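Got the viewer open and the sequence panel beside it? Let's take a walk through this one, stop by stop.

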Amino acid sequence: MRTKWFFVLTAILALGLVTACAQAPAPAGEVVKETVVVEKQVMVTPTAEAAPTEPQYGGTLNLSLGADFVNFDPFYDVQNLEFKAPIYEAPIRLSDEGGFEPWLAEEWEVLDDGKTIRLHLREGVMFHNGREMTAEDVAWSAERAMDQEIGHHLGDRFTTGAGATVVDDYTVDIEYTEITHSALDGIARLYIYPQEAVDTIETVPVGTGPFEFAEWVPGDHLTLTAFGDYWQEGLPYLDEVVVKPIPDPQARMVNLLAGSIDALWFVPLADKALLEEAEDVTVDMSPPGFHFYAFLMNINEEPFDSQLVRQALNFAVDREKINLLAFSGEGNMTVIPVAESSWIYDEDLADYYTFDLDKAQELLAEAGYPDGFETSILIRGASGLYLDMAQVYQQDLAKIGVDIEILPTELPQYWPKLIGSEFTIVSHGTGDATVDPQGLFEGAACCRPFRNFFGITDNDTWFPEYKGLADQAARSQDRAERKELYGQALRIMVEQGWTIPIAWRQQIYAIKDHVHGLRSDMDGQIWLHEVWLSQ
Amino acid sequence: MIPALLLVSMAVFMIIHLIPGDPAKNIAGPNATDEQLAALTRRFGLDKPLPVQYVTWLGNALRGDMGYSFINKYPVNTLIAQRVPATIELAFSAAIVAVLISFPLGILSALHPGSIFDFVTTLFSALSFGVPAFWVGIMLILLFGLQLRLLPPSGRPKFGEQPVQHLKSLIMPACTLGIALAAKLTRYLRSSMLDVLDQDYVRTARAKGLRERVVTLRHVLRNTLIPVITILGLQTGDLLSGAIIVESVFAWPGVGRLTLQAIGWRDYSLLQADVLYIVLAFMLINLLTDLVYGLVDPRIRYA
């Protein structure tokens, strides 16, 4: 009898649960809530129109970059390198026009010796530790950046750096063996912090930025508070910024829609359209021009030592299909690694390679591979865009007899393989990451002084000419001449075809409509000093 | 236990260093110069022979110094200690959820095999067992976090500052993990109980005129618990080692995500300590499980 009661009670409980679940989406109370939602929708437009147009003070901005921070030393681009500007600042910064503008330095000049950049620093810029920033700090930071022994990421931007000298408290000379056009790119990333903080900077950031470090609970959140002594009077508007690591992209999106975060970065392309449909969310992306997705070839490996084969593989790329299948139709495709906004953009080269399998087949036959060949493609990561791009490419290559094995590679294994040129083709994200085209021609797209992934050497007959043009353009101060020289070098790059640009790599971010004044520059750096909340 | 830990530490050290990947190249990035790579390799102590690295690490570990993280020089012990409370909290909450779900379901379906209730329970077990945790997590977030706005979709506020929010934030991850564990426990409990229900001593107990509740709870359930406790112990050990997917979906700052991060960056010092502590936790849980056996079945205690 008692067992029966036990069973009946349990059944009632289970029924109750089922009923509760069945009612959950639309209980009586919720119907009223739905009405409220409708009212809100009506209210939204006038509210939006009546929303304060003048910046409001106060509030907390919650945002997510996906991954957690691992190292706050601005000299290391380890993780979340886009989030330096809220804490650290450099003497100059990238402008929206594609140049540089004064920041911690009020002005800069190249001295007559042609080897020194003199920075005139602002007075009254305070570090978060309460000390004023002086020329000593900038000189120390610059010398640290030039020190190749430390093993940080700024080193490759100061390869011609020779030292730094303090002229007076607010003037500092950055000396070079040779000033290149990308020297200012280095200074724009020379984030200044006080020397006394060097031992703890990796976990406790101290800079001159609008927000100062309050708390970091690894894996949970980073909290920054408004820096009261910030040098820009009246800024920042926000009281607090909280950065939450939410690794799962879907969970990140739901958090934005649910309102537990106000902004998120690294929106997957597939989710862009979905977020655009949300009423109170604006989706935006950083401008193209710095980074691009590409297939890169190792020209030391047969058959990629043949220019004809490389060209054939360029003609076998169907960017339209890749855009549709890998980029969800949202890609900003490109044939050359130069954006339309660049002063060295060449319209003639922009369509140099069109999707033409017959032409590709013809070139392969001419190169001695009428039946194609077998090869492999190294993938940056085990999933995602790099893999999707390669899978689409694989299908088209198969049509011209090129059997390509796809090798997804998790990042810790990927970097050593890339750096060691242990690949034939690689599906990679690359770019010059400099305002001046010099970086493109010396760096990611080719060779010296940085690491040469592509196996290009002086033995490649075209290389001396290419390098000569790039070097000459780097030394010239005449923009028209430089444009001409870079134009020729770009033509060689495109004709040689060791890099197959696919699409611009732009950072997509989504923000709630009550967040104003957010800026993401060409380098993807996030600027929060002018951000304010209208609710 | 100590020799086992020593052996494990050696195996872990060797295996971690055998995994392809180089922390220096990983952290330095593609544009690093040879000098930068060499500097990082020296900084991490990876320029020394492997046996020397192991002996140095072991010597420090025996003094309780597990070293510093390669990527941020944070003391490894501190990094792990920061995550352990969240992991323990999640693991035990999930275990409680699992017990609360599985015991009534398992017992009742064993008592009424072939009934509709039994069928529904079996269906629940099969579905919960088969559905991936990340899907359950996302569905819960969509329902309770986005549609109903009853629970926070992610994060773990400090208990001291926001106790209610803290407990609310625990519900969805604990349920996500707990439901999967409940599915396993329900099946084990049901089949174990069915075996025990066929035993002679159960028939004897009923023949003695004992009430069904007493038969079920004292004679059947108690004898069913041994395999169930074994499973619960092993699974809780698993939960402690890191419910990585659930932690990622709910942005739960546990050991699982830390381990994943350490693997991703080839942060050897963090990974070594992490794995070693996880092994230690497994051993302790097993020990605890053995002790619980004695409580449930006195014959084991006396043996």
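Before moving on, some housekeeping. You're looking at a predicted model, where local features need pLDDT of at least 70 and side-chain atom pairs count only at pLDDT 80 or more, while totals for chains, interfaces and linings use all residues. Residues are numbered from 1 along each chain as its sequence is written, chains are lettered from A and ligands numbered from 1 in the order in which they are written, and side-chain values use heavy atoms, with hydrogens and water left out.

**Stop 1: around A:Arg519**

Stay on A:Arg519, which sits in strand β20 (residues 519-520) of chain A. Helices (H or I, at least four residues) and strands (E, at least two) are DSSP runs here, numbered from the N terminus. Now show the neighbours: leaving aside residues up to four places away in sequence, A:Arg519 touches A:Arg93, A:Leu94, A:Ser95, A:Asp96, A:Gln525, A:Ile526 and A:Trp527, where contact means heavy atoms within 4.5 Å. Zoom in on A:Leu94, whose backbone oxygen is reached by the side chain of A:Arg519 at 2.9 Å.

**Stop 2: a salt bridge inside chain A**

Next, select A:Asp137 and A:Arg131. Their side chains meet in a salt bridge (2.7 Å, N to O); the rule asks for a side-chain nitrogen of Lys or Arg within 4 Å of a carboxyl oxygen of Asp or Glu. A:Asp137 counts as buried at 4% relative accessibility, whereas A:Arg131 is partly exposed, with a relative accessible area of 28%. Over all chains, the rule counts 24 salt bridges.

**Stop 3: chain B on its own**

The C-alpha trace spans about 85 × 55 × 35 Å along its principal axes. Of the 303 residues of chain B, 49% count as buried. Among contacts in chain B with a separation of 6 or more, 72% come from residues 24 or more positions apart.

Now pick helix α3 (residues 34-43) of chain B. Its buried residues are B:Gln36, B:Leu37, B:Ala39 and B:Leu40. Look down the helix: these residues cover an arc of only 160 degrees around the axis, which puts them on the same side of α3(B) (the arc is that of the directions from the helix axis to the C-beta atoms). What do the buried residues of α3(B) pack against? Bring up α2 (23-28) of chain B, and there's the partner. Just after α3(B), B:Gly45 takes a positive phi of about 75 degrees.

**Stop 4: where the chains meet**

How many salt bridges does the rule find across the interface of chain A and chain B? Three, so let's visit each pair.

- Select A:Glu215 and B:Lys158: they form a salt bridge, with the closest N and O atoms 2.2 Å apart.
- Select A:Glu202 and B:Arg43, whose side chains meet at 3.2 Å, N to O. This pair runs from the loop between α4 (183-188) and β8 of chain A to helix α3 of chain B. A:Glu202 counts as buried at 5% relative accessibility, and B:Arg43 as partly exposed at 31%.
- Select A:Glu410 and B:Arg266, which meet in a salt bridge at 2.8 Å, N to O. The pair crosses from the loop between β15 (403-409) and α12 of chain A to the loop between α12 (255-265) and α13 (268-296) of chain B. A:Glu410 is partly exposed at 31% relative accessibility, while B:Arg266 counts as buried at 1%.

How values were computed: Buried < 20%, exposed > 50% of the residue type's maximum accessible area, 1.4 Å probe, protein only. Polar contact = N/O pair within 3.5 Å; in protein donor to acceptor, adjacent residues only side chain to side chain.
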